Amino acid sequence: MSSYAQFTHRQVWLQQTDPEIRIHYVEAKPSGTQKGIILLIHGFPESSYQFRHVVGPLSSAGYRVIAPDYRGAGYSSRPTTGYTKKILATDLHTLLTTHLNITTPVHIVGHDIGGMIAHAYAHLFPNDVASLIWGECPLPGTTEYDDTKHTPTMWHFDFHSVPDLPELLVSGHEKQYLKHFYDRLAQNPAAFTEADLDFYATLYSAPGAIRAGFNVYRAFEEDKRDNLQLVKENGKVKVRTMLLGGESSFLMERAERMGREVDENFVVGTVEGCGHWIAEENAEGFVGKILGFIEG
C-alpha cells in the first residue's frame, strides 16, 4: 500500500485574511493516460489521511486523485465560522476550478461528513460532477436525519452541538475520544493502528481543531434548511449516484430510504467485511466499488 507521505502534498489560500481560509490537499496522478478525476472527501474525526490506502490504487487505475482536508480539518486552517456543508462544498469547488484549473466534471466521493459535503457539491454544481458517491451519514433534511439525530446511537450529534462544553471535556483526551468512534463503529477495529491513532490525535489536539470539528455538527440544522430549500428549488440531485456504506454499518439499512428522498438516479453499494470506516477497513473493496460504479 502507498504511504500517505509519498503523495504530493500542497496547500492553497482561498482567502488570506479575515479569516484565513487555507486548504491542504494530497494528490496523485496516473502514470499513463488519465481516465478522469476523483475528489475524495473525508469525514469526522478524520482527514485526507483517511484515504491513505486508496489514493494509490485509484491513481494506478488511471485517475487523478485529489483528497483535501476540508475547512477546519487536518492541515487546513481552522476559522471560527463557515461550517455549513454548502460553504464547505464551495471551498472545494473553488479549490478545483480556480486554483487547480480543472474544467471537466469530476467524480465526487464523500464519506460521513464528507458525504454531506459531496451531496451539497452535486446539488450546487451539477454541471461539474461526473458522478456522485456518498454515504455513511444521515443527511440533514431527510426523514432519516430527523428520526435518528436525538437517538442514543447518535448521542454525539447533541453533544457536539452544545456550545463550549464539549471542547472543555475532550481537551487533553483527544486520543481516547477519537478511539471511541473508531472502535465502536468498526467491524474491524484493528484497521486503526497505534500510529494511525497518534496521527489523528495529533491533528485534533492542535489549537482550534476539536472546536472546528464540533462546529461541523453545530451547522446541521442550518444544513437541514439549506438541503430542503435546494430540493424545493432544484428538485432531487440528478447526477448519477451511488450511496455507499459498510456491510455491518447500522446506516446501511437507511441508505435506500434516504436516496429516494434526495437523489433521482441512484443505486446502493455495499463494501463487504467492514463497518463505518469503509476506506480503512476494506480498502480493496472500497476501490472496487468506486471503479465499478464510475466505469460501469
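Two strands are said to pair if DSSP finds at least two bridges between them. In this predicted model, strand β7 (residues 241-246) and β8 meet that condition, pairing in the parallel sense over six bridges. Within this pair, L244 stands opposite G269 in β8.

## The sheet

The pair of β7 and β8 belongs to an open sheet of eight strands, arranged in the order β1-β2-β4-β3-β5-β6-β7-β8, with mixed pairing. β1 and β8 (266-271) stand at the edges and have a single partner strand each, so one side of each is left without a neighbour in the sheet. On average, and with direction ignored, neighbouring strands of this sheet are turned by 25° against each other.

R10 has Y25 in β2 as its bridge partner, and T8 stands opposite E27 in β2. The hairpin of β1 and β2 has five residues between the strands, and D18 in this hairpin takes a positive phi near 50°. β2 also pairs with strand β4 (residues 63-68), in the antiparallel sense and over four bridges. Here A28 stands opposite V65 in β4.

Is strand β2 enclosed by the rest of the structure, or is it open? Eight of the eight residues of β2 (residues 21-28) are buried, so the strand is largely enclosed by the rest of the structure. The cover extends to both faces of β2: I21, I23, Y25 and E27 are buried on one side, and R22, H24, V26 and A28 are buried on the other.

Another helix, α13 (residues 283-294), lies across β3, β4, β5, β6 (129-135), β7 and β8. The direction of α13 runs at about 145° to β6.

Two packed helices are described by the angle between their axes and the distance between the axes. For helix α2 (residues 85-99) and helix α3 (residues 113-124), the angle is about 70° and the axes are 8 Å apart. The two helices are therefore roughly perpendicular to each other. On the α2 side, the residues that meet α3 are K85, K86, L88, A89, T90, L92, H93 and L96. Their counterparts in α3 are I113, M116, I117, A120, Y121 and L124.

A89 is found in helix α2 and is buried, with a relative accessible area of 0%. Leaving aside residues up to four places away in sequence, A89 touches I117, A120, Y121, L124 and F125. A89 and I41 are 48 residues apart along the chain, and their C-alpha atoms are separated by 9.7 Å.

## Aromatic pairs

The structure holds 25 aromatic pairs. A pair of aromatic rings is described by the distance of the centres and the angle of the planes. Two of these pairs are set out below.

| Pair | Centre to centre | Angle between planes | Arrangement |
|---|---|---|---|
| Y4 and F199 | 5.8 Å | 75° | edge-to-face |
| Y145 and F220 | 6.1 Å | 80° | edge-to-face |

What parts of the chain does the pair of Y4 and F199 tie together? Y4 lies in the segment before β1 (8-15) and F199 in helix α8 (residues 194-205), so the pair ties together parts that are 195 residues apart in sequence. Y4 is buried, with a relative accessible area of 9%.

Y145 is buried at a relative accessible area of 2%, and F220 counts as buried at 3% relative accessibility. Y145 and F220 also take part in a cluster linked by ring pairs, together with F44, W155, F157, F159, Y177, F181, Y204, F214 and Y217.

A charged residue is placed over another ring: R240 lies over the face of F293, at 4.0 Å from the ring centre.

How values were computed: Residues numbered from 1 in each chain as written. Predicted model: local features only at pLDDT ≥ 70, side-chain atom pairs only at ≥ 80, totals over all residues. Heavy atoms only, no water. Phe/Tyr/Trp six-rings, centres within 6.5 Å; stacked < 30°, edge-to-face > 60°. Buried < 20%, exposed > 50% of the residue type's maximum accessible area, 1.4 Å probe, protein only. Lys NZ or Arg CZ within 6 Å of the ring centre and 35° of its normal. Axes fitted to C-alpha atoms, helices over the stretch in contact; angles between N-to-C directions. Parallel < 35°, antiparallel > 145°, perpendicular 65-115°, else oblique. Contact = heavy atoms within 4.5 Å.
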